Amino acid sequence: MKKKFGIREVVAVGIGTALFVALTSVQVPLVVIPNTDLQPRMAVMAFFATVFGPIVGGIIGLLGHALGDAIFWGSVWWSWVIPDGIVGAIIGIFAKQYAVKDGGFTKKSSISIFNGVQIAANAIAWIAVAPALDILIYAEPVNKVFTQGAFAFLGNIIIIGILGTLIIAGYSKIAEKSNNLSLEE
Amino acid sequence: MNRMISYENKDTPIHKLSGFTKLVFFLLWCITSAITFDTRVLVVMIIMGAMIYIISGTKWEQVSGVFAIIMFFMVLNILGIFFFSPYEGCKIYGSRTDLLHLFGNYTITSEQLFYEFNVLIKYFTVIPSIFIFLTTTDPSELAASLNRIGIPYTAAYSLEITLRYIPDVQDEFRRIKNAQEARGIEMSSKGSLLYRIKNTAVIIFPLLFSSMDRIEVVSNAMELRGFGKKKKRSWYSQKKLTAMDFATLAFIILFSIGSLVLTFADGSRFYNPFI
């Protein structure tokens with residue numbers, strides 16, 4: 001990487017966010033509590049964070065959540081936008097450890113680091129930050145927001161853990177193949 | 001059915017405002033609404049929101065689909081608050097007036113009703129501003145405006161790419177979904193959780209790959225055209241700030257400060273009619 005935020009990153013943020021927004025309406029229901037469906041878009045954000053790093057992951061989370069909420073639900077829950085950015089950024093910080101583009105993500109060690117990181121990131125975001133902001137902004141009952149937060153935490157670690165791991169590993173496998181061209185004598 | 005809110009070109013005073021003005025207005029409006037819980041401020045904001053909505057000429061059909069969904073979530077949320085904490089309002093306003101005993105530990109109190117009414121109108125202050133912002137702001141003009149207030153043009157460009165590619169990605173998603181369904185992969189809510197997640201993966205996977213290709217193509221094209229080489233960049237769709245823009249900006253800044261002063265004048269963000 002020559003520059004920290006080059007053209008590829010600019011475009012990755014743009015298209016990653018577009019993908020995140022477009023997938024807003026795609027949800028796998030878990031239980032009937034508002035805002036707690038499984039969101040495949042979280043797995044997509046995790047993918048972009050692991051490939052392009054913390055800045056791209058974080059912005060996709062923030063911008064994608066705000067725009068997606070606005071376009072599809074007509075209302076922005078700022079208290080849930082910020083935690084999304086936090087998850088993306090934290091997963092992205094460890095991007096080098098996973099070595100997705102060099103096929104590193106097919107190894108068990110990378111997958112367990114990734115899942116450890118994503119569980120920690122989701123815990124910070126949904127069990128601490130989101131409920132705190134909900135209480136601060138909307139003055140909602142404490143037990144309600146922590147229940148919601150716990151469900152969001154659960155939903156997100158499931159979707160990132162299964163779907164995220166699947167797609168990142170799949171991409172890593174193919175990226176490795178295209179990188180392993182050997183020079184013909 | 002069009003379930004998304006999107007820009008529509010019209011000739012109204014709101015459309016004529018610069019994207020920059022509308023963005024600042026929107027953000028300050030959201031922040032004010034997030035901070036205050038003062039019923040008076042919220043009611044004024046709703047009335048203003050409704051007025052701006054009428055001026056902006058947004059058609060009901062443009063937003064009705066989304067509106068129905070919001071109402072559904074709102075009702076769930078309001079019921080959720082009552083279910084989890086039936087006396088939250090009493091805690092906030094420091095008094096208790098029983099209206100109707102339901103069952104067990106659940107009694108409807110006027111404090112709770114008032115508190116939930118506040119939560120409801122708080123959401124309603126934000127909704128029209130989002131509708132209006134999205135239906136009246138030309139995406140490429142917004143990027144130009146962002147750049148002018150000092151946000152690096154690379155960041156503004158990211159946003160522009162996002163807005164440009166959302167419809168494309170959606171089309172692609174639909175195509176892939178149709179193709180996979182034609183192959184017999186079911187997307188309904190039948191089957192176990194793991195099964196459903198796996199079925200989602202067969203759609204996301206091709207979508208992600210085509211997106212990675214798209215990133216490659218677009219960034220190569222931009223690089224070939226020398227994107228990012230210079231510090232500055234001119235914009236085709238840039239609008240000059242007019243007197244109307246400055247008036248709007250001045251208004252929203254004064255309004256935000258005024259409503260926060262009014263909210264916190266009695267030392268609490270809640271307006272208490274029960275004293």
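Tutor: A nonpolar core is a set of buried Ala, Val, Leu, Ile, Met, Phe, Trp, Tyr and Cys residues joined through C-beta atoms within 7 Å. A residue is buried if 20 or more other C-beta atoms lie within 10 Å of its own, exposed if 12 or fewer, and partly exposed in between, with C-beta atoms placed from the backbone. This is a predicted model, in which local features need pLDDT of at least 70 and side-chain atom pairs count only at pLDDT 80 or more, while totals for chains, interfaces and linings use all residues. Residues are numbered from 1 along each chain as its sequence is written, and chains are lettered from A and ligands numbered from 1 in the order in which they are written.

The largest nonpolar core has 96 residues, and A:Ala43, A:Val44, A:Phe47 and A:Phe48 touch the most other members. Leaving aside residues up to four places away in sequence, A:Val44 touches A:Leu19, A:Phe20 and A:Leu23, and also B:Ile204 and B:Leu208; contact here requires C-beta atoms, placed from the backbone, within 7 Å. Another core lies apart from it, with eight residues, including B:Ile81, B:Phe82, B:Ile92 and B:Val119.

Next, the interface. In total, 47 residues of chain A are in contact with 54 residues of chain B. On the chain A side, helix 1 (7-22), helix 2 (40-52), helix 3 (54-73), helix 6 (108-138) and helix 7 (142-179) each supply at least two residues. Helices (H or I, at least four residues) and strands (E, at least two) are DSSP runs, numbered from the N terminus. Helix 1 of chain A gives the largest share of that side, 13 residues. By type, the side of chain A that touches chain B has 37 nonpolar, seven polar and three charged residues; Ala, Val, Leu, Ile, Met, Phe, Trp, Tyr, Cys and Pro count as nonpolar, Asp, Glu, Lys and Arg as charged, and the others, Gly among them, as polar.

Chain B has ten helices and two strands. Of its 275 residues, 32% count as buried. None of the six residues of strand 1 (residues 98-103) of chain B is buried, so this strand lies largely in the open. Strand 1 of chain B pairs with strand 2 (residues 106-109) of chain B in the antiparallel sense over four bridges, where pairing requires at least two DSSP bridges. Within this pair, B:Leu100 has B:Ile108 as its bridge partner.

Key:
Two residues are in contact if their C-beta atoms, placed from the backbone, lie within 7 Å.
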